[in-house]
Amino acid sequence: MKSTSLSLAAGAAALAAVTGFAALTVPGDGGTAEAKAAARLPVERSSLLCPEPSMSDLADTTYTSFTPEGESGGEAGTAELKSADPLPADEDAPADKGDKGDKGDSDTADGDKADGGKGGTADTKPVISLKDLGKPSTVETSKSDAPALIGTATGRQAPGWTTQQTTVAAAGGARGLLGLSCTAPDTDFWFPGASTAAARQDYVHLTNPDDTAAVADIELYGAEGPLESDAGEGITVPAGSSVPILISTLTGEAAENVAVHVTTRTGRVGAVVSAAEDKVGSDWLTRSADPAETLVLPGIPADATSVRLVAFAPGEDDADVKVQLLGKNATFSPAGNDTLHIKSRMTASVDLKDVTRGEPGSIRLTSTDGSRTPVVAALRVVRGSGAEQELAFIPATGPVGDRATVADNRAKGSVLSLSAPGATAKVKVTASAGSGGGEKAAKTYTVKGGTTLAVTPEVPAGLKGAYALTVETESGGPVHAARTLTLAEGGVSMFTVQTMPDDGGTVEVPAVEQDLSVLDD
């Protein structure tokens, strides 16, 4: 009889690094398990989905892809995005500027599909490929029919991989600066802050990264409860495709403030809302953090002229939350709006007006005594007035955790907002090399507990092209972060705000040594 000793720790670690989860079950009663301290390992695969950028004929879109430098070993890997809905064969794809300089010469990134458009991305050439860790690659397109993109990163390119999609729509009803960090696929999304009002044109974009169809449901909730809708049930998203859905076509009810709930029956999708408001502007509304008793919405610009809070309680119980502003020097409650009552399955809103009063700030929502009901929330933020108005959205977001990154920062126009809702914290902020050259720069900031610190990041020396900002927590309490990007266009200071939750670049892996006896006669 022969006995062979097998260690399963490596297998569990590999499973967790790829999927974010590992479970080890050993049959029989002869083995012994020794529990060891959990370790954090870099993920080995990441997925990102970018929606169709714009329907405007006067729009220019830039994609900026980036993976921060790390300590991960293993294979070099790849990071690339391909067309979900391929460009027509007689048109050029966006030009990959990679490391060609600020504008520089352009390579051609052929996005045409070789199989005649069956769906999926297996036979599509990359629209953008990331070449080096710690250095962004960029792509530009001015096509009104630019497709959604589906991307995967592997090996050392996977941990912390991010792609920013930035669109400048210079004129028309959708005028504005639309920015978002491309999203990971999932099965459940909340979007408080959407609208079916006549002045708004809001679309839910659903993108399916997989090779089988996904089926999604969209639920809408207004101030009086669920909006009547049958059209939002059983929406099929074909394999490798993206489907934009005008929210107002899902219901006959007009509601100024709507909470949108997207779930999937089968498969998974990326989901995001594009919002365009007549005579005000347009931007992307990304998902709120999962329902929680405490939420932080970071990064209200100091010069905001109007701030509207939209919140929703998805459970069976009403919620009462304390509304606080984490200001430049202290935490305080807005006059007359220190609490908000949110009825179960009804969307609540409150106009906070120019709540920051010329100083940067962030909103913290906390369940009051006796109310333990989780909520979701987002802010609609307006800068300027009259014909020079522009809007953006700030959803509730998680802390930066170990690390968070946002790409597509320019030589001018970026402001980083750092909020510490609890204890004082210290963070390290690194500005990467530029896509066309430059030396990275790093600086450490201390964020006083209960305040918001707004900083203009250090620009990399010799910067050419766009650069990425990475925030890492060094000590103290949690920090919530957001980047505001401002670009002047036609006399309007267009802006967009991207929140910066933990990038999920590592996963906790239980360290377990397990001996199994394999008996052979």
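This is a predicted model: local features need pLDDT of at least 70, side-chain atom pairs count only at pLDDT 80 or more; totals for chains, interfaces and linings use all residues.

User: Thanks! Is Glu256 buried, exposed or partly exposed?
Analyst: Residues are numbered from 1 along each chain as its sequence is written, and side-chain values use heavy atoms, leaving out hydrogens and water. Buried means under 20% relative accessible area, exposed over 50%, and partly exposed in between (1.4 Å probe, protein chains only). At 48% relative accessibility, Glu256 is partly exposed.

User: Which residue meets Glu256 in a salt bridge?
Analyst: A salt bridge here is a side-chain nitrogen of Lys or Arg within 4 Å of a carboxyl oxygen of Asp or Glu. The N to O distance is 3.1 Å in this pair, and the partner is buried at 17% relative accessible area. The residue that meets Glu256 is Arg308.

User: How far apart are the closest N and O atoms of Arg200 and Glu277?
Analyst: Arg200 and Glu277 are both buried. They belong to a salt-bridge network that also includes Asp202 and Arg380. The closest N and O atoms of Arg200 and Glu277 lie at 3.9 Å.

User: Which cysteine forms a disulfide with Cys50?
Analyst: A disulfide is a pair of cysteine sulfur atoms within 2.5 Å, and the search of the whole structure finds 1. Cys50 is buried at 0% relative accessible area. With the sulfur atoms 2.0 Å apart, its partner is Cys182.
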